[in-house]
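Reader: Could you take me through one part of this model closely, namely its aromatic rings and the sheet and helices around them? I would enjoy a connected account.

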Amino acid sequence: MSLTSLTVKHLEKLQTQLQNDLDDYQIELRDGEIIVMGPSDIVSSYIGAQLSRLLGNWVSPRGLGLVFDSSGGFILPNADLTAPDVSYVSRERMPRTVRYFSETVPDLVVEIKSQSDRIAKLRQKIEMFLDQGVKVGILIDPDELTATLYRPNQEPILFTNGETLTIPELLPGWELQISDLWPPVFDE
């Protein structure tokens, strides 16, 4: 069965009905199909929280826009309802939040590979976001300790430990040390 944006309300109702059974799961609508996603592994969760904090610490004091975690739902122009692991929307594009899913396309989306994810599917998801108007996508792979930067109509740029990722067109002056993403190892 194919779904459209007219059925987002039905999806919300379904999610509410299933909430007791799916407390730890997230539901997205992609290409007319309902996608149920399980919780992230602990490393992916840490990376998402770390990146949200690092990005938010730069964005908030400067009043640049809003940073969202993996629960922030966006209805895209193609009628998909999706929630990137981390996202950013500039204040010019979202001057006021609403108590509903955003119908604003994020400026930046980040997908973080979980233990059960396939990297090819995450690349496809980033490409879909770019096709829908996202300006920059980042794919983080904790298994390879890499972050790949995607822009529309450009070749992806791979960043590894020891390198610094910047996005001057969105966040002038912001720098992300790739090594800052990974969970620390505490020696006993």
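Author: Happy to. A charge counts as sitting over a ring if NZ of Lys or CZ of Arg is within 6 Å of the ring centre and within 35 degrees of the ring normal. In this predicted model, the charged end of Arg62 is placed over the ring of Trp58, 3.3 Å from its centre.

Searching the whole structure gives 2 aromatic pairs. One joins Phe68 and Phe74: the centres are 5.6 Å apart and the planes stand at 85 degrees, so this pair is edge-to-face. Phe74 counts as buried, at 1% relative accessibility, while Phe68 is partly exposed, with a relative accessible area of 21%. The rings of Tyr100 and Phe101 have centres 5.2 Å apart and planes at 55 degrees, so that pair is tilted. Tyr100 is partly exposed, at 33% relative accessibility.

Next comes the sheet. It is open, has 6 strands in the order E3-E6-E7-E8-E9-E10, and its pairing is mixed. Strand E3 (65-68) and strand E10 (157-160) are the edges, each pairing on one side only. On average, neighbouring strands of this sheet are turned by 15 degrees against each other, direction ignored. Inside the order, E7 (residues 108-112) and E8 (residues 136-141) pair in the parallel sense over 5 bridges; Glu111 has Leu139 in E8 as its bridge partner.

Two helices lie across these strands. Helix H2 (residues 42-62) lies across E3, strand E6 (86-90), E7 and E8, and runs at about 170 degrees to E3. Helix H3 (residues 119-131) lies across E7, E8 and strand E9 (146-150), at about 165 degrees to E8.

Notes:
Residues numbered from 1 in each chain as written. Predicted model: local features only at pLDDT ≥ 70, side-chain atom pairs only at ≥ 80, totals over all residues. Heavy atoms only, no water. Phe/Tyr/Trp six-rings, centres within 6.5 Å; stacked < 30°, edge-to-face > 60°. Buried < 20%, exposed > 50% of the residue type's maximum accessible area, 1.4 Å probe, protein only. Pairing = 2+ DSSP bridges. Helix = DSSP H or I, 4+ residues; strand = E, 2+ residues; numbered from the N terminus. Axes fitted to C-alpha atoms, helices over the stretch in contact; angles between N-to-C directions. Contact = heavy atoms within 4.5 Å.
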